Amino acid sequence: LRLKLPWNRVGRSTFALLRAPSPRLPSPSAPAPPLQTAMPKNKLGGNKAKRAKADATKVKKELEYKEDGQEYGQVQRMLGNGRCEVQCFDGTKRLCHIRGKMRMKVWVNQSDIVLVSLRNFQDEKGDIIVKYTSEEARNLRTYGELPENVKINETDVMGGEASDDDVQFDEAGGVNLEDI
C-alpha cells in the first residue's frame, strides 16, 4: 500500500515509514536459531585487574653487571620527557634518556640506582638501560660494584648533609612559640 501524499508535506520519518520493509516471518521448514548462552560473569574486575594478574608472577631475574661502555649511576633529578640527570660513579654528571623499552613499564625515580649506557660521541650524555631495585643495588654494593658511600632508597643523593634547600633560619626571628 502506498499512500499518495504531497512531497512537500511528507517528512523524512514519514517517508522512512512508508518505505520500511515488512518483517519476514520464519518459514516452518527453516531451522530454529541456536539458543544463545549468557557470557560468564567476570569475578576479577576490570582491565586493571587483568593486567595485574599477568604481572603477579614475579620472575627473579639475573643481576646485570656493567660491561665496557656502561657505568653505574644514581638519578639526581627528573627533567621530564624521559630524561633525567644522573651522577655516574666515575664522577661525571650526565644527562640521560630513558630507553623506549622501559618508558611506560619501569618507573625511574629520584635516587634510583641505574645502569647507564655511555655514548662514544657525547661523554656528557647517556641512556638508562637498567633500573636496579633496592635489593639489587644492595647486592651490587656488597659485591663491590658500587662504592660504599652510596645511599640506597633515600632522596638525599650521593652523601652530603641533610638538605633543606639552602634555606637558613634565624633563631631570633621575632616569633615566640609560647605566645602562639
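## A starting point

Where is the place of L177? L177 sits in the segment after α3 (134–142). Helices such as this one are DSSP runs of H or I with at least four residues, strands are runs of E with at least two, and both are numbered from the N terminus.

Before going further, please note that this is a predicted model, in which local features need pLDDT of at least 70, side-chain atom pairs count only at pLDDT 80 or more, and totals for chains, interfaces and linings use all residues. Residues are numbered from 1 along each chain as its sequence is written, and side-chain values use heavy atoms, with hydrogens and water left out.

## The chain as a whole

The protein chain holds three helices and five strands, and along the sequence they follow the pattern α-α-β-β-β-β-β-α. Of its 180 residues, 22% count as buried. Here buried means under 20% relative accessible area, exposed means over 50%, and partly exposed lies in between (1.4 Å probe, protein chains only).

The accessible surface of the chain comes to about 15,200 Å², and 52% of that belongs to carbon and sulfur atoms. Such areas come from the Shrake-Rupley method with a 1.4 Å probe, and for residues only the protein chains shown count as cover.

## Strands side by side

Strand β5 (residues 125–132) has two partners to look for. Four bridges join β5 to strand β3 (residues 93–98), and these two run parallel; H97 stands opposite D127 in β5. Two strands are said to pair if DSSP finds at least two bridges between them.

Strand β4 (residues 113–118) pairs with β5 in the antiparallel sense, over six bridges. In this pairing, V114 stands opposite K131 in β5. A hairpin of six residues joins β4 to β5.

## Two nonpolar cores

Which residues make up the largest nonpolar core? This core has 12 residues: L63, Y72, F89, I113, L115, V130, Y132, A137, L140, L146, V150 and I152. Two or more of its residues come from each of β4, β5 and α3. A nonpolar core is a set of buried Ala, Val, Leu, Ile, Met, Phe, Trp, Tyr and Cys residues joined through side-chain atoms within 4.5 Å. Apart from this core lies another, of 11 residues, among them C84, C96, M102 and V116.

Take L115 as an example: its contacts (heavy atoms within 4.5 Å) include Y72, V130 and Y132, leaving aside residues up to four places away in sequence.

## Salt bridges

How many salt bridges are there? The count comes to seven, where a salt bridge is a side-chain nitrogen of Lys or Arg within 4 Å of a carboxyl oxygen of Asp or Glu. One of them links E71 and K66, with the closest N and O atoms 3.4 Å apart. E71 counts as buried because its relative accessibility is 11%, whereas K66, at 35%, is partly exposed.

E85 bridges R77 at 3.4 Å between the closest N and O atoms, and K93 at 3.7 Å. With 18% relative accessibility, E85 counts as buried. Through shared partners, R77, E85 and K93 join into one network.

## Back to L177

L177 is exposed, because its relative accessible area is 68%. Together, V175, L177 and I180 make a nonpolar surface patch of about 400 Å². Patches are made of residues with over 30% relative accessible area and no salt bridge; like charges are joined within 9 Å, and nonpolar side chains (Val, Leu, Ile, Met, Phe, Trp, Tyr) within 5 Å.
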